[in-house]
Amino acid sequence: MSLTKFVGLLAFTAVAASATAASVEATNDTNAQIAELKKELNELKSQNGDKWLTEERASQIRGVVQDVMADADTRSSLQATAATSGYNNGFFIASPDGNFKLQVNGQVQVRSSYAWATNSSWNAARAVDPNATKAQYGTEIRRAKLSFSGNVVDPSWQYRVTMAYLPQGSQFATLSSSPYTTAGANSGNGSASTANLEDAYINKDMGNGMSLMMGQFKSPFLREELVTSANQLGVERSVVNQMFSTGWTDGIQFTAKNDSLMGMFSFNNGGNNANFATQNMSNTDTGAFTQYAITGRVQWLAFGNWAQFNDMTSMRGGGQGLMIGAAFNWQHGGNQNSDTTSSLFGDSGVASGNTDAGFFTYTADASWDLGGANLYGAFFGNFTSSLPTEQPGGTNGSSIQSYGALVQGGYFISDNTELFASWQWYETVNQNSGTNTSNDPMVSPGNVFSAQMNNIYSAGVNVYLTKNVKFTFDAGWAMNGIVYNGGIYNQAVAGTNYQVSGNSSNGGEWVGRAQVQLVF
């Protein structure tokens, strides 16, 4: 060993000894090693006389010592400020003081479904579209999501960005003059699937249960929609939810919460109007955009805790709780086109909540957790007024009123197996000349509100292999054909795997679905 390397080793050993002197035994051992090194150094000095330490060699030794000391300082600094990482309801990395955090979550849903229309429903569909199919079936990637969330600067500045792969037409309906079209967007099985931006917001926690959020988020309206798709009771949200849901929007939202009350108020771009540029909102002559939208929701926690209502079920061993909520969405469509030949009106009637009309949608719901069983019920309503006069023949009437209801419940027969069932109902009535007319979609072709009265029954089972992996199987029966393609705010029926069939009052369709979900 050269003298330079030897002295460097001596310096490193000395520094390491000082950094690790945590016990007497370790210190004694280190001191013994240093004594041995000193002995060998003395021997080298005696062998080389006064020339053992030249200026060049001294410079080399100083460099080695400085490098060793710098490395020791770096290691000490890293130990004092080491970032934390791991898994806690998601993979995360964070600074030790918690001021900066990044958490990654994911969700994958693989689903197989079979939708079969009765002859009556199928024949009604073929009367409008000769290519309408009797059955639709297959396997799809219903959802594949990556979500990035956390905080910056301090825990009060929070963020979330979620990217989601969705099959074509599963989230936003493509309305056409024929609501019975069964290809592509209507079936949800098209080839033009895309990755969409869902959540993208900044949230400022102002303390005392108050927060202010800006960006893209779920409009604070329907409870079933606000609960993530990963925590639903059945394979998919209800058909009646799709009819009334406001979905994602862009805007600002204020939230105030204490131990028993929560209120959310939002000024936004309108139901299901996300990823819209500001300049488009003022394009009221040729576009179909919302002039304004106000959404509000209040929830009262009778007993239990808020966290247990982040899902639609109640696991065994969980606490009991009761939550009651109510909400509204009030908006006015922005299209001011007075041209009677406009394709928006022509044969399409009221196309969605962006049509030039007033929309007031409301709901009330109750959720009851029983620690191994759950029950949920909701009522929905919508009143559409100031209807466009451009509609030929005035078939829209003076107003359109829609109603709906959902009751569902689940019961765990074992620690990881849950049986569930649901009933949903919806109906739309046109108010014309002071008389409530029967709901006939053929009066206003393409009018999504003319959605014909329907009752849908379903039942199924959840098998929770772990908290991250769940199998769900269910079957549903719609007593009448499902006519509407997109709901009031253009949420697609296709995402539920029910196919849009025909105006049939004596036979609807069966739907069977099986899904495996993995979340992290």
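Trainee: Where is Phe267 found?
Mentor: Phe267 is in strand E9, residues 261-268. Keep in mind that this is a predicted model.

Trainee: Why is Phe267 called partly exposed?
Mentor: Its relative accessible area is 46%. Buried needs under 20%, and exposed needs over 50%. The value for Phe267 lies in between, so the label is partly exposed.

Trainee: What makes Phe267 part of a nonpolar patch?
Mentor: A patch residue needs over 30% relative accessible area, and Phe267 has 46%. Phe267 forms the patch with Met206, Met210, Leu212, Met214, Ile252 and Phe254. Together these residues have about 590 Å² of accessible area.

Trainee: Which strands each supply at least two residues of the patch?
Mentor: Strand E7 (210-218) and strand E8 (248-257) do. The largest share, three residues, is from E7.

Trainee: How do you know whether Asn382 is buried or exposed?
Mentor: Asn382 has 1% relative accessibility. The cut-off for buried is under 20%, so Asn382 counts as buried. Asn382 belongs to strand E13, residues 373-385.

Trainee: What makes the approach of Asn382 to Thr361 a polar contact?
Mentor: The distance between the side chains is 2.6 Å. The limit for such a pair of N or O atoms is within 3.5 Å. The Asn382 side chain also has a polar contact with the side chain of Thr384, at 2.8 Å.

Trainee: How many aromatic pairs does the structure hold?
Mentor: It holds 10.

Trainee: Why is the pair of Tyr87 and Phe91 called edge-to-face?
Mentor: The ring centres are 5.0 Å apart, and pairing needs them within 6.5 Å. The planes stand at 65°. Edge-to-face means over 60 degrees, so that label applies. Tyr87 is partly exposed, at 40% relative accessible area. Phe91 is also partly exposed, at 46%.

Trainee: What makes Tyr292 and Trp330 an edge-to-face pair?
Mentor: Their centres are 5.7 Å apart, with 80° between the planes. The angle passes the cut-off of over 60 degrees.

Trainee: Which parts does the pair of Tyr292 and Trp330 tie together?
Mentor: Tyr292 lies in strand E10 (residues 290-303), and Trp330 lies in strand E11 (residues 320-333). The pair therefore ties together parts 38 residues apart in sequence. Tyr292 is partly exposed at 28%, and Trp330 is partly exposed at 40%.

Trainee: Which residues do ring pairs link into a cluster?
Mentor: Tyr87, Phe91 and Phe520.

Trainee: How do you know that the charged end of Lys101 sits over the ring of Phe92?
Mentor: The charged end of Lys101 is 5.5 Å from the ring centre. The distance limit is within 6 Å, and the direction must be within 35 degrees of the ring normal. Lys218 lies over the face of Trp248, at 4.3 Å from the ring centre.

Trainee: What makes the phi of Asn89 worth a look?
Mentor: Most residues other than glycine have a negative phi. Asn89 has a positive one, near 55°. Asn89 is in the loop between strand E1 (84-87) and strand E2 (91-94). At 46% relative accessible area, Asn89 is partly exposed. Asn490 also has a positive phi, near 70°. Asn490 lies in the loop between strand E18 (469-478) and strand E19 (509-519).

How values were computed: Residues numbered from 1 in each chain as written. Heavy atoms only, no water. Patch = residues over 30% accessible without salt bridge, like charges linked within 9 Å, V, L, I, M, F, W, Y side chains within 5 Å. Areas by Shrake-Rupley, 256 points an atom, 1.4 Å probe, with all protein chains shown as cover. Salt bridge = Lys/Arg side-chain N within 4 Å of Asp/Glu carboxyl O. Helix = DSSP H or I, 4+ residues; strand = E, 2+ residues; numbered from the N terminus. Buried < 20%, exposed > 50% of the residue type's maximum accessible area, 1.4 Å probe, protein only. Polar contact = N/O pair within 3.5 Å; in protein donor to acceptor, adjacent residues only side chain to side chain. Phe/Tyr/Trp six-rings, centres within 6.5 Å; stacked < 30°, edge-to-face > 60°.
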